[in-house]
Amino acid sequence: QVPLKPGRSLMDWIRLTKSGKDLTGLKGRLIEVTEDELAKHNKKEDCWICIRGFVYNVTPYMEYHPGGEDELMKAAGTDGTDLFDQVHRWVNYESMLKECLVGRMAVKPVAAPKEISSTLSEEKKQLNGMLPEKKVLGASAKDLIPSYDWFQTDSLITIVIYTKQKVMNTELVIVDCQDKRLRGEIIMDDHSYLVEVDLDHAVQEDFAVNIAEKVGKVEIVLKKKDNVHWKMLGQPLESHNTFIKRTDRGLFYRKCKLVSKTEVTHDTKLFCLMLPKSTHLRVPTGQHVYLKQIIAGTEVVKPYTPVLPFLPLDFKEPSRHDGAHIYLMIKIYSCGLFTQALDHLQIGDYISVSNPEGNFKKSQVQTSEDLFLLAAGTGFTPMVKLLNFALTEVSCLRTAKLIFFNKTEDDILWRNQLEQLALKDERFEVQFILSQPAKDWVGKQGKISSSLLSEFVKRSRKDSKVLICICGPTPFTEQGVQYLKDLGYSQEEIHTFTA
Ligand code: FAD
Ligand code: NAD
């Protein structure tokens with residue numbers, strides 16, 4: 001992120017797009033753009049970029065781009081899809097840039113594929129509109145592609161997905177059944193398998209997901225609304241029965257109800273959202289979701305990391321920790337576009353929540369002996385589930401230390417709970433470090449530094465297996481990683497949480 005000039009916030013951009021100004025220079029016309037034509041528009045003052053087959057004139061947007069003009073210029077006059085996906089594929093560019101749309105890429109004729117190759121390359125072709133590199137899977141790879149089948153009784157429809165992967169669990173299965181539309185996604189590393197159909201007949205809202213973990217079989221059991229015999233499962237939708245890279249799938253959202261909103265600190269609140277009955281979704285430790293709201297007529301999307309309702313989980317309230325609720329700890333910024341709108345939601349209002357994403361794998365912590373969590377401000381959020389997971393499931397864990405950086409004492413999130421946890425579990429220790437302490441603060445002060453890290457991040461034994469996780473404002477995370485490397489920790493021992 002770069003500092004933007006005054007008058008160049010997202011809200012200012014939304015206002016400009018609503019002003020009626022011609023932002024493409026084409027007086028409302030949409031054109032077909034050839035690769036040669038696209039390549040000509042490669043200067044700051046005349047910059048076109050293609051994303052998923054659609055071409056945008058991004059020159060008017062340059063000064064509003066939170067990542068800076070240079071980042072945008074990297075894709076000037078070319079297909080920026082991959083770059084966009086790497087950096088922020090969750091940003092709803094279609095809505096944000098709709099007034100900048102120049103037109104579609106002219107599609108080149110495509111030679112018929114020599115081999116049936118799974119839908120992977122086909123899908124990419126449609127998405128990008130430009131010729132992709134051909135990725136043809138070999139025979140052995142084809143055997144690994146999941147498949148599905150279905151059967152019925154008088155009252156039930158059972159869809160069986162054979163993932164052909166031994167380790168399956170509930171977090172890898174995401175099912176939504178809205179009206180007659182069924183969407184079942186299976187996450188398999190960086191790929192995703194999708195069953196997506198318009199069902200033949202109506203079903204009831206709730207359904208069951210059964211997982212045979214060891215054989216990798218997933219069953220979605222739907223309840224028929226009427227006891228009629230189905231002739232078919234339904235009409236396949238566009239992405240039905242595809243096995244593609246996760247990053248090539250669009251984000252899927254469902255509407256969740258805000259059921260409670262409680263104060264955590266003077267500016268941070270715990271939002272509890274309830275998933276619809278017709279959704280099966282568990283957000284894995286270390287992953288985030290995207291929330292989507294329409295603000296001044298434009299869809300705005302921001303990432304948030306689910307936490308637990310509280311720590312430690314001893315006195316948990318089982319009804320609210322059943323997977324049907326998502327807890328988000330969110331700081332409300334006085335001039336924040338998204339968080340101000342969130343704060344105005346009333347109990348009972350709905351908000352769109354995406355499928356989970358993130359690059360953290362539980363296996364990273366499963367073998368750790370010493371776990372260090374460096375959190376700044378709301379960078380604490382991914383640490384909540386991680387800490388709970390480590391303390392309850394990682395048998396080799398010897399120490400877990402949270403080094404929590406905040407501005408003032410009033411900003412410390414869940415201080416009481418953390419102190420209680422430290423009393424309860426002798427493996428856990430918490431250290432608060434304030435950057436703007438009041439005079440009476442007797443604890444540590446300062447910002448992240450080499451000396452603070454060398455004081456607090458130490459192996460419990462000479463060769464102990466260490467994992468250090470960092471999350472907070474980007475400069476905090478970047479400096480932290482550099483200091484840790486200087487102190488001799490390897491890349492594999494450090495995990496940074498980012499979008
Ligand atoms: P914005 O309108 O973007 O601005 C917020 C504040 O920052 C304002 O004061 C603004 O002046 C300032 N600001 C904005 N952009 C710049 C800039 N370029 N330069 C200088 N100052 C700027 N937040 C949480 O509270 N809880 C979470 O669980 C959480 N999880 C996250 C997970 C991920 C993976 C990521 C990447 C971020 C997460 N965040 C979380 C942050 C969240 O996504 C939003 O960025 C945050 O809520 C602010 O959104 P906003 O639209 O309200 O603020
Ligand atoms: P804040 O402004 O209250 O700052 C908290 C502490 O961070 C400060 O006391 C200081 O120690 C440190 N800090 C702040 N700016 C710094 C800088 N420039 N250099 C070094 N240290 C610095 O923090 P906040 O408003 O709660 O913001 C939290 C940040 O964490 C946001 O940027 C948010 O996007 C990010 N976040 C990221 C994820 C993720 O990527 N998974 C999750 C949650 C939050």
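Predicted model: local features only at pLDDT ≥ 70, side-chain atom pairs only at ≥ 80, totals over all residues.
View 1. The backbone of Phe338 places a polar atom 2.8 Å from an oxygen atom of ligand 1. Ligand 1 taken alone exposes 970 Å², of which the protein buries 67%.

**View 2. Composition of the shell around ligand 1****.** Strand S19, strand S21 and helix H8 (337–343) are the elements that each contribute two or more residues to this shell. Of the 21 residues around the ligand, those that come nearest are Lys302, Pro303, Tyr304, Met329 and Thr339. By class, the shell comprises eleven nonpolar, eight polar and two charged residues.

**View 3. The open sheet of seven strands****.** Its strands pair in antiparallel fashion, in the order S19-S18-S22-S15-S16-S21-S20. Strand S19 (298–304) and strand S20 (306–307) form the edges, each pairing on one side only. Helix H1 (residues 10–18) packs on the sheet, where it touches strand S18 (289–295) and S19. The direction of H1 makes about 160° with that of S19.

**View 4. Pairing of strands S16 and S21****.** Strand S16 (residues 268–274) runs antiparallel to strand S21 (residues 325–331), and seven bridges join the two. Within this pairing, Cys272 stands opposite Tyr327 in S21. Strand S21 is also one of the elements that give two or more residues to the shell around ligand 1.

Notes. Residues numbered from 1 in each chain as written. Chains lettered and ligands numbered in written order. Heavy atoms only, no water. Pairing = 2+ DSSP bridges. Helix = DSSP H or I, 4+ residues; strand = E, 2+ residues; numbered from the N terminus. Contact = heavy atoms within 4.5 Å. Axes fitted to C-alpha atoms, helices over the stretch in contact; angles between N-to-C directions. Near = heavy atom within 4 Å. Polar contact = N/O pair within 3.5 Å; in protein donor to acceptor, adjacent residues only side chain to side chain. Areas by Shrake-Rupley, 256 points an atom, 1.4 Å probe, with all protein chains shown as cover. Nonpolar A, V, L, I, M, F, W, Y, C, P; charged D, E, K, R; others polar.
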